Amino acid sequence: MQAVNVLCIKWGKKYGPEYVNKLHSMVRRHLHRPFRFVCLTDDGHGIDPAIEVKPIPMVGFDEFDQRKPWTFGHGWLTGAKQYNKTLA
């Protein structure tokens, strides 16, 4: 059986490494095939050593890469920003 890649992104301080570790544990428990678990993050401290930790890659466009927070640069949560000014 071919292995699959499982990718998660942990950015910022809202969620700690325990969320990544728990996700990895759930995948290990319920995915009945070989897998590779990779976490893209700005801070790998506390993440289980069984998880491949990689830095969040730059996209290559300065306008995009310099945005804070990173998720707004992708256009995610733009609707939520209209209703909650604290997200901007």
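Let's start at Phe-37. Setting aside neighbours within four places in sequence, Phe-37 touches Val-6, Cys-8, Val-20, Leu-23, His-24, Val-27, Ile-51 and Glu-52. Keep in mind that we are looking at a predicted model.

Several of those partners come back when we turn to the core. The largest nonpolar core has eight residues: Val-6, Cys-8, Val-20, Val-27, Phe-37, Cys-39, Ile-47 and Ile-51. Which elements supply at least two residues of this core each? They are strand 1, residues 4–10, helix 1, and strand 2, residues 35–41. As a general background point, nonpolar side chains in soluble globular proteins tend to be buried together.

Now let me step back to the overall layout. The protein has four helices and three strands, and along the sequence they follow the pattern β-α-β-β-α-α-α. Of the 88 residues, 25% are buried. If you take the contacts with a separation of 6 or more, 49% of them link residues 24 or more positions apart.

The three strands form an open sheet in the order 1-2-3, with parallel pairing. On average, neighbouring strands are turned by 25 degrees against each other, ignoring direction. Helix 1 packs on this sheet and touches strand 1 and strand 2, with its direction at about 165 degrees to that of strand 2.

How many bridges join strand 1 to strand 2? There are seven, and the two strands run parallel. Strand 2 and strand 3 also pair in the parallel sense, over four bridges. Within that pairing, Leu-40 stands opposite Lys-54 of strand 3. As for strand 2 itself, five of its seven residues are buried, leaving the strand mostly covered.

Is Thr-41 buried or exposed? Thr-41 counts as buried because its relative accessibility is 5%, and the cut-off for buried is under 20%. Lys-10 stands opposite Thr-41. Those two are 31 residues apart in sequence, yet their C-alpha atoms are 4.8 Å apart in space. Beyond its neighbours within four places in sequence, Thr-41 is in contact with Lys-10, Ile-47, Val-53, Lys-54, Pro-55 and Ile-56. Among these, Ile-47 is a residue we already met in the nonpolar core.

A quick word on aromatic rings. Searching the whole structure gives one aromatic pair. Tyr-15 and Tyr-19 make up this pair in an edge-to-face arrangement, with 4.9 Å from centre to centre and 75 degrees between the planes. Tyr-15 has a relative accessibility of 44%, and therefore counts as partly exposed.

Finally, let's talk about confidence. The average pLDDT for the protein is 81, and 69% of the residues score at least 70. Which element has the highest mean pLDDT, and which the lowest? Helix 1, residues 17–30, has the highest at 98, while helix 4, residues 78–83, has the lowest at 46. Across residues 76–88 the pLDDT is below 50, and this stretch has nine contacts in the model beyond near neighbours in sequence. Thanks, everyone, and I'm happy to go back to any of these views.

Terms used:
Residues are numbered from 1 along each chain as its sequence is written. This is a predicted model: local features need pLDDT of at least 70, side-chain atom pairs count only at pLDDT 80 or more; totals for chains, interfaces and linings use all residues. Side-chain values use heavy atoms; hydrogens and water are left out. pLDDT is the predictor's confidence in each residue, from 0 to 100. Contact means heavy atoms within 4.5 Å. A nonpolar core is a set of buried Ala, Val, Leu, Ile, Met, Phe, Trp, Tyr and Cys residues joined through side-chain atoms within 4.5 Å. Buried means under 20% relative accessible area, exposed over 50%, partly exposed in between (1.4 Å probe, protein chains only). Rings of Phe, Tyr and Trp (its six-membered ring) pair if their centres lie within 6.5 Å; planes under 30 degrees apart count as stacked, over 60 as edge-to-face and the rest as tilted. Two strands pair if DSSP finds at least two bridges between them. Axes are lines fitted to C-alpha atoms, for helices over the stretch in contact, and angles run from 0 to 180 degrees between N-to-C directions.
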